[in-house]
Amino acid sequence: MTSEKEIVIKTDKLTKKFGDFIAANEITFEVFKGEIFGFLGANGAGKTTAMKMLIGISKPSSGNATIAGFDVYKETEKIKKSIGYMSQKFSLYEDLTINENIQLFGGIYGLSDDEIEKRRNELINKLNLQSEADKLVASLPLGWKQKLAFSIAIFHTPKIVFLDEPTGGVDPITRRQFWDMIYEASHNGITVFVTTHYMDEAEYCDRVSIMVDGVIKALDSPAGLKKQFNANSMDEVFIMLARDAKRGE
Amino acid sequence: MRTLKFLLRKEFLQIFRDKLILRMIFALPVVQLILLPYAATYEMKNITLSVVDHDHSEYSRKLINNFTSSGYFRLVDYSKTYSDALGQVEKDKADLIVEIPEGFERDLIREDETKVLIAANAISGQTAGLAVAYANTIIRDYNNELRIQWIQQPRLNAIPVIDITSSNWFNPQMNYKMFIVPGVLALLVTLVGFLMSSLNIVKEKEIGTIEQLNVSPIKKYEFILSKLIPFWVLGLFVMTVGFFISFIVYGIYPAGSFWVGYLFAGIYLIALLGFGLLTSVYADTQQQAMFISYFFMLIFILLGGLFSPIENMPDWAQYLTYINPVSYFIEAMRMLVLKGSSFWDLRYHFLIVIVFAIVFNGLAIFKYKKTV
Amino acid sequence: MKQLITFIQKEFHHILRDTRSMLVLIGLPIVQLLIFGFAITTEVRNANIAILDNSKDEITQDIITKIESSQYFDIDRTISTNEQIEKSFKSGKIKLAIVFQPNFQYELSHSNKAQLQIIADATDPNQATTLTNYISSIVMDYQNELNQQNKLPYTIKTEMRMLYNPQLKGAYTSVPGVMGMILLLISAMMTSIAIVREKELGTMEILLVSPMKPWLVVISKVIPYFVISLINVVTILILSVFVLGLPIEGSLFLLIASTIIYIFCALSLGILISTVTETQQAAMLISLLGLMLPVVMLSGYAFPIANMPTILQILSNLVPAKWYIIIVKNVMIKGIGIEQIWKELLILSAMTGTFLIISIKRFKIRL
């Protein structure tokens, strides 16, 4: 949080309205390079809406934001080149093989054939998928799909990777492995912006923000938040903030 | 452009991976093209006939005989009364009733004039009209036969006669298959292309994979092209198979140039697929896309002139056919296959489908938003 | 039972919320019927023809005037040579050409015989025959006028009667056809897609592990479409009677009852399709690409079945629409009672049963 850190996401009163409904209300925060930024909130708090504005597929109603230095209104296509994204819905092509998915997304982000081949080999070896590489993604267990989806989201080494509830429905061991991968990415200088439901995961983040009813209610490091709310765990912090929520599941 | 290469590879891989769909889009058109044109015939061979002969004379028997030996009619029964015969029509046993009155022969000879009653089941006006026309011809011919017997024909006509000769160009044997095969082929290519393209983008929407593409730096035109090209290739392939079958099964091949045919089909498919993609971009679910395509396909086909000539339609319906790409394709295919029309003959058809192609694809690119 | 109602409600919500689809489902039969009723006629009007008058005398002028005043033809006057005729045929500008021999009047009055040639574009043989017949009869009428004083001996006159449909309205064929086609396509397509959709999106599993019996799941998906089909039947009948002027000669109750049996048949075909396909696209290809043309061409509505080759006549028995169209024609137009249609009703019921049995077999294997 020192000033020499490079800011990669900066939002200023970013707002999204759907008719009378304010899904995200004047959101203001900054995310620094290499940071793991946890974006928390109950269902319907406006996390996904906010994230969609940041990744350039939803136009804000008002406010400003820059992602990797590009404006969310005018430079969405430049933003898209600098980010990776893994959606809540599993979004690899199930009817393509692992190799074919890797090649597709490598190609879309403009990597050269040699580069794709080199990184693909590394990736397959790292994930130990040598024997599955030519099988359809549909045949993989969910945990593997998620790990693969994450690897593909950072395949083109983006500046920032956005993860929308990446570990939903995965067993604890796989979640642990998944977070190891996130740490590794962050270590390599990729900023990680992650939404999650799991409060234990929030503890792994450098900083977390908690959204309630479209507004950011708190933003600090997990330790800082616990101190601020005089709580023992992130769980307690979250419950304290979210119990007054009007919207919900 | 490099991105396009990867996207195309993906689309082709996906098409070839779904074997059920792949088999269907080849097998269904092939089987239909082989079988269905045989069904499309107005040539009447088995008009069922119920005769009510009150005269039982030599002449009445001869007339009946002329009916049965014509090849058009099949005598199913002799009814005693007209109402018995009506019963046969009611039960769908007979299509046509011929009633010969008592004194048929006598009146003909003595009064120079006699009468025959023909009654047809006219629920289908078209077939009734044809059946009655055949019956009339037989009666007229029989009448002439009788006259020749009774009058010594002078060498020169006694009265002025306009001698009408008619010839049928482009299809002298009046082979209905020549007409229907190019039309059915055009229709099948259209159905395959449209059904595939109209569901494609919306399927990615529904499954959620489109989001992954939307957050990537893919250009809109690249995306649309990657969806267009595979179905374009597929459509032309189905057409090639269709031409092949037309030749093998029906001996029909274009009297005009193959290249003009492919050029036209190529441009037409771009237009059609553009419309399909537009549907896909517009719809929220595959189900919706299907209903929309069902709606348009059916109207396009009904007003496409496949079975019923466009010229016979009322003006408002004819105006509708101007904005119906399918009618241009069916017409162009027929002109090309039967008449051997050249590129120059088809220049307006070309111009119009080019406009369609630009408008539909332009709209599809414009309407496709990478945002939610 | 309460569960079933909740499920049916869910399906209705699902359908009703999607206004675009509703518009198509309810609006299409109306549009289609109106197109058939008004746009698609076999009656010739405004056919473009060319006349090559090599004689240009009084009689040819008279004949041309007769043709012109018939309202059936539009004469293209720009054509004056044989080459132009051929060109105009090729570019599709004209459907027929009439050529008068030189010295037409002279020949007619001196040798009692003059030649007139009709050239038709036989690309569409039906249209060619019809147009040729129209022109011939106009010319014959004119000739008869000329010869009025000389009455021909030994004339057999024919009296014609068009049963059931004296004005030869196209709607008498098209309405039963449209009903057969729309109900089959929409019902089969709608149900197959609705079921496959749940499979494709993975929600079917959720429904199947719920305490609902699998067949209740299927029934709850089918009922809304049954209701929509009934609405369609009612709109089609109202339009047919009040807009297209069709009679309902027989019992309305019998007509509706038979229609319900037919809808059941179509819905069970839809269920069958849904058991053999995994994706909505496949279901749609079968129900549209696979059914549309065969239903139109083999149901006896576009083409008379009796003229088809034997193999197609046999195949046509497999098309449910064929039997339904016979029923509708008999009950609606001929006014016949159940004694003439029980066989068709039995066949439709047997088809429904067969579709359902195969579906249940396949459904069980899968689970």
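The model is predicted, so local features need pLDDT of at least 70 and side-chain atom pairs count only at pLDDT 80 or more, whereas totals for chains, interfaces and linings use all residues. Residues are numbered from 1 along each chain as its sequence is written, chains are lettered from A and ligands numbered from 1 in the order in which they are written, and side-chain values use heavy atoms, with hydrogens and water left out.

**View 1. Strand β8 of chain A and its pairing partners.** β3(A) and β8(A) pair in the parallel sense over five bridges; pairing requires at least two DSSP bridges between two strands. Strands are DSSP runs (E, at least two residues) and helices are runs of H or I (at least four), numbered from the N terminus. A:I36 stands opposite A:V192. Strand β7 (residues 160-164) of chain A also pairs with β8(A), in the parallel sense and over five bridges, with A:F162 as the bridge partner of A:F193.

**View 2. Burial of β8(A).** Six of the six residues of this strand (191-196) are buried, so β8(A) is largely enclosed by the rest of the structure. Buried means under 20% relative accessible area, exposed over 50% and partly exposed in between (1.4 Å probe, protein chains only). A:T191, A:F193 and A:T195 point one way, while A:V192, A:V194 and A:T196 point the other way.

**View 3. Surroundings of A:E94.** A:E94 lies in the loop between β6 (83-86) and α3 (98-108) of chain A and is partly exposed, at 31% relative accessible area. Leaving aside neighbours within four places in sequence, A:E94 is in contact (heavy atoms within 4.5 Å) with A:L136, A:V137, A:A138 and A:K145. The side chains of A:E94 and A:K145 make a polar contact at 3.4 Å; the term denotes a pair of N or O atoms within 3.5 Å, where within protein one must be able to donate a hydrogen and the other to accept it, and residues adjacent in sequence count only if both atoms are side-chain atoms.

**View 4. Interface of chain A and chain B.** The contact takes 31 residues from chain A and 27 residues from chain B. Across the interface the rule finds four salt bridges, defined by a side-chain nitrogen of Lys or Arg within 4 Å of a carboxyl oxygen of Asp or Glu. B:E211 forms a salt bridge with A:K52, with the closest N and O atoms 3.2 Å apart.
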